[in-house]
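Please have the sequence and the 3D view side by side.

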Amino acid sequence: MSILAVRDLSIQIGAARPVDGISFAIAPGECFALLGESGCGKSMTALGIMRLLPAAAQVTAGSVEFEGGDLLALPESGMRDIRGGGIGMIFQEPATSLNPVLTVGRQIVESLELHSPLRGEAARRRARELLDQVGIPDPVRRLDEYPFQLSGGLRQRVMIAIALAGAPRLLIADEPTTALDVTIQAQVLDLLDELRRQQGMALLLITHDLGVVARMADRVGVMYAGQLVEEAPRRQFFSQPAHPYSVRLFAALPDANRRGGRLATIPGSVPSAEARHEGCRFVERCSEVMPACRASPPPWREVDGGQRVRCFLPGLPPSVAAIVGAGETALAIEPRPLLEVADMQVHFPIRRGILQRVVGAVRAVDGVSLQLKPGRTLALVGESGCGKTTAGKAMLQLIRPTAGSVLLDGVELTMRSTSELRPLRARMQMVFQDPFASLNPRLRIGDIIAEGMQALKVLKVGAGDTAAMIGALLEQVGLRPDMADRYPHEFSGGQRQRIAIARALAVSPQLLICDEPTSALDVSVQAQILNLLSDLQAELKLAYLFITHNIAVVDYLAHEVAVMYLGRVVECGSADEVLRQARHPYTQALLAAVPRVDGLRSEVPKLAGDMPSPANPPAGCHFHPRCPLADEGCRRSYPVETRFGATHVVRCFKAT
Amino acid sequence: MLAYIIRRLLYAIPILIGVNLLTFALFFVVNTPDDMARMQLGIKRVTPEAIQKWKAERGYDKPLVWNAAAAGSATLTETIFFSKSVRMFAGDFGRADDGRDIAREIAQRMGPSLAIALPTFVLGLFVAISFALLLVFFRATTLDFAGVVLCVAMMSISGLFYIIGGQWLVSKVWHLVPISGYSGGLDAAKFLVLPVIIGVIGGIGSSARWYRTIFLEEIGRDYVRTARAKGLSERVVLFRHVLRNALIPILTGVVVVIPTLFMGSLLTESFFGVPGLGSYTIDAINAQDFAVVRSMVFIGSVLYIVGLLATDVSYTLADPRVRLQ
Amino acid sequence: MGLSVQPVLLWSDALLFVLIGVIVGLSLWARRQDALRAAWARVLKDGVAMAAATVLAVFVLIGLLDSLHFRARLPAQAGAAASYAVEVNSALDALLSGLRQRTEKTYSAPLATHLYSKEALENSTQREFPRLKHGGAHLGENTVGKLVGHELDIAVRLSRGLAGGLALWLLLVAVVRQANGLDLRALMKVGAGGSAKSAAGGAVLITLLAIFLLLGAAISLGGGYHVFGTDKVGQDVLYLSLKAIRTGLLIGTLTTLVMLPAAVSLGILAGYVGGWVDDLIQYVYTTLSSIPGVLLIAAAVLMMQVVIDTHPDWFATSAERADARLLALCLILGMTSWTGVARLLRGETLKLRELEFVQAAQAFGVGRFAIMRRHILPNLMHIVLISLVMDFSGLVLAEAVLSYVGVGVDPTTISFGTMINTARMELAREPMVWWSLAAAFSFMFALVLAANLFADAVRDAFDPRSSA
């Protein structure tokens, strides 16, 4: 007997049908993961179950049975008892999902008053217990605090406490950890798992992250373009995915084994929700297409042991191993580094008081030293707020460093005037994180790409030349030359990121600083961009400074890795040294926190707490409040560099 | 917090000085006192003596900013700039053309002005917010649409018509209240009812529509979805969650006008014959009494700056994110 | 041989034509911008907005006709050089010369045949309602009492006018149908089932029908009567109302035109450059906005009046003087109202400055001013446009209040404000003279309502936040 049974659910927004006949069931106490890329309709499904759809959307068909009753047939007042009481829900953005002007306690008590007989002091006591239960330290004080006073991880815990207040039998978690850092994600996932086991609560987990699925789910449903295409127990799904789409999702994941090779990509893009389909929805992007696929939608087919797939293909699709290349590109390593950063600092003053005196500084970057050789990739890794993006921009002199030196090919960049810097700017460029904010919506693609060439005067006059160069650049990044006349809004996220890369390449730089270039993209698109970047590196001998929090991407493409914590590099060395033989406890914990697709758990203890504020870093080693190994010495002074071999440098007293 | 208020107060000083310099330039540099005298006296009576007399009566017979004839500090103080502009900081506004002390006149006229402006403000705020909440509660229905159309239609009518129409209907046709006039004490009520009601009705259209937009913006936020996912009813969501958050922008937009309520309303007071600051200003403008207009400009900007300060303070009171940082 | 008229280009006319040039230029630029074009397409599909735009277009047409000024040539004296009348008239005046020249002695009610107040007649001791010189003159002489056939004549003229309007409209529909092959039946079903575009087209046609009917009735009745009566000195109130339109339009648009360059450049400068530039600009606009608007305007207008009064030699004609005062009012209104837009643009620039495409341009070493021009300004144009259309109706309303207070347009300039100002006194008369006020009210309400509805649609289409 299932607690939730969704049958043939369809949701329509205008002409679009983001959810088109979804059926699945969840047993009591089970964790069912709905996996899919952005726009596949997974969040819309969750909102449809809760009947919280936006005004423009409506359920056009199907039923949602919860504990035997059809939710879609309930009157609104009856549905309100289910919401919060029967089914709890938590959302992706803890920062905006809590009411900013009500205290944490008020927001929990509100739910208690609705779904339990507790009132007044008793309700408050229960709220404190709930905060305790979700692992919030010092719950009495937190009850009277406002959401903005809490960190992202704590806010998500409060969201969970609010959901638990109604003692729901089913919890819907919509991308609950996507907005969180990897170490915090690990904490929250552990908490959800523990609560589920304790309370016997079923969990509908909505995610795009295969690692999270492997960590949490009992069963998995894969969604594509508004439909489920595969449903399987976790073990089976990860050992033998049955739908060609699932297979390709795995193959697109970057990791160390695929280093130097190309990732499998899924050609094309997800069909629009307004499209009408004759046959299989994946047909345009599938490598195993048969005539039958185009004629009619594929029926469900049992594979074995509870695994079902919606595909005409008999048996399992061939696994798509990434084409593994020759391993490390054996470049002759030049002795002289292209980029040399020494002791760079970026401090932002904090002003207070009547006269706005400077009373302190946010030490966003606090003494970073790095080296990057031509044609190599250095990954700058760290959690949000560690200063990695600021460091990247400071190297480009987009933010002027407060102290330290930045040498590009032996030329000092700091202390130079804007006009002196201009000729040097052609040698280093940047690719930004958000492909939707990095292209001016009012300019044509051609003008966007030409801007750098004109500003830096890298080409001879003559309009024909420019157009030809733009065309060549567009082809180089895998777009068509005739796209130069279009505006950015016509392009998808992946295509925009290609345009951004073309813009940077237009001035023939030697160094490209890539700031989280794939974090806004789906896995399959990320693979395309990573492939493009490695092709360009091989072709143009580009050096990359790759700023990211995604360890898998680092493992796939970085030659050297530097790990940042609170404005400083705590460990750096070759990729193998840092990722396989991590010496710093922070690096070890960071690596351990990444949910692995093979479902293996790491032995390293999880990190507790949050990263402190860079305005007020802890004395001694910045990491000591969270470090399991810390002792008196760590509290007193910041560790000096310890070298392990020629390249591996660690700043930790305890590193051995 | 205290440091913040002090800093804002200090910031107000250069602004007041700026206002002062601006009005000085407007009133004495763009046109010389001689020009003003010539215009006020009329073409027929302009003789050098008449101009001198006119200037002497008003204290405009000094040099503008530098009195070379005087000695010591008097080179600066025996000037028009000092006696007419700088002394306003000390609350000395000089005398009006009819010879009365402007400061005393202002103090007397604040009461009647406030007696109309304050009830209009409070009642108007209440009515507009209630109306906006009603529209939001029935959002995307015919009622909401009709309400918005009504708002747009109401804000397309000039305030003059509300007053003229109201006076005509209520006082002339129905004979409910006197058409205009004012008296002190409780008697004032019968003179105040109509201007207050007209003021409220005239303001509803634009403010209710603005509040509705703010409410709708809040309703689209994530925390509202969370509140609904708790199982709260739409009414509780609206009143406990949305209203609290929407009040922050509403209050801060509204607080700035509270101090300027003292200035009264030009139109209402002049139509209803209320002896407040609004009618004082209008009379001064019509009589081209520059001293009074200059004083009102100065007082108006002082009150506006107080309003800005009050806005900042109210912001910190209404929003915990500001208060606790 | 000289021309029969001498064109006169008043300053406000020139600026109005500049404004039209700017609008045409901007719309050419917007046509190339996909996003802007899409937004305008949303406006074009909005039935209410298009109906409002139709009404506005009629007002603008009247205003433009009233901006083509000339001096008529006087009958030539033998041998003398051609001389022109002192009076400056507009194309609208020429078009409405009938209305303009048929003045009565004093007040008369709409469609009346007799004056509104009794007067002692020449060869009688009794006080009677004298016969109007022009109103209903075709009905013949009858100095006292009701004229025979007055009501019938009105009914006949009214139905003739309505029929004419309807006929003209049907002709237009036929032409449109011929040109576009539109299905008339789909057009009539406004909003019901028909596609958005044809619904908007239908709204335009229905608005045009209403306008044509009104126009037909006004022309037909106006030929023999004073449709809105006459004022104290016997001028036709309909004529006054039509003349007031230009004043309202000018104040609503020129003010924004005057203020925009300063508001846009200062707002962007403050937001993008920051530092002491920002401090200075913020200081200036805080200071300006801290003076209550009406008082600042009053003070400035009073001072301007002194300037104009003490320099009578600057202006050749009284039209030029009134025009100068109108322009000065626009300038003063602009000076006092640019602060809001500048503050808004500064805030938006602060947000844009942090966007990655601006940083990408900085990474190429693109200069500050080039970034402001290429990257910031185009992304602020929608705000500029929204504030332009949103301000319009507020300014038209403000003109009425200011003119009432006595710091508005020149008392000789015909405007809604001056009309209301005089009408207020008329209300106190017994019996009440209501038609001036009613005429001012209807014309002003139609103009402002149309502007508000149109502005709403523009804002909804261009403001990304309001799309939800």
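In which sense do S6(A) and strand S7 (residues 170–174) of chain A pair? They pair in the parallel sense, over four bridges; strands count as paired if DSSP finds at least two bridges between them. Within this pairing, Ile90(A) stands opposite Ala173(A) in S7(A).

Before we go further, a word on what you are looking at: this is a predicted model, in which local features need pLDDT of at least 70 and side-chain atom pairs count only at pLDDT 80 or more, while totals for chains, interfaces and linings use all residues. Residues are numbered from 1 along each chain as its sequence is written, and chains are lettered from A and ligands numbered from 1 in the order in which they are written. Helices (H or I, at least four residues) and strands (E, at least two) are DSSP runs, numbered from the N terminus.

Now step back to the sheet around that pair. It is an open sheet of eight strands with mixed pairing, in the order S6-S7-S8-S3-S9-S10-S12-S11 (chain A). Strand S6 (87–90) and strand S11 (300–302) of chain A are the edge strands, each pairing on one side only. On average, neighbouring strands are turned by 20° against each other, direction ignored; axes are lines fitted to C-alpha atoms, for helices over the stretch in contact, and angles run from 0 to 180 degrees between N-to-C directions.

Helices pack on this sheet too. Helix H1 (residues 42–50) of chain A touches strand S3 (31–35), S6, S7, strand S8 (202–207) and strand S9 (219–224) of chain A, and its direction makes about 145° with that of S7(A). Helix H7 (residues 152–165) of chain A touches S6 and S7 of chain A, with its direction at about 170° to that of S6(A). Contact here and below has a plain cut-off: the C-beta atoms of two residues, placed from the backbone, lie within 7 Å.

Chain A as a whole has 22 helices and 24 strands. Its C-alpha trace spans about 70 × 65 × 50 Å along its principal axes. Among contacts in chain A between residues at least 6 apart in sequence, 67% join residues at least 24 apart.

Finally, look across to the partner chain. Here 23 residues of chain B are in contact with 28 residues of chain A. On the side of chain B that touches chain A, the largest share, seven residues, comes from H10(B).
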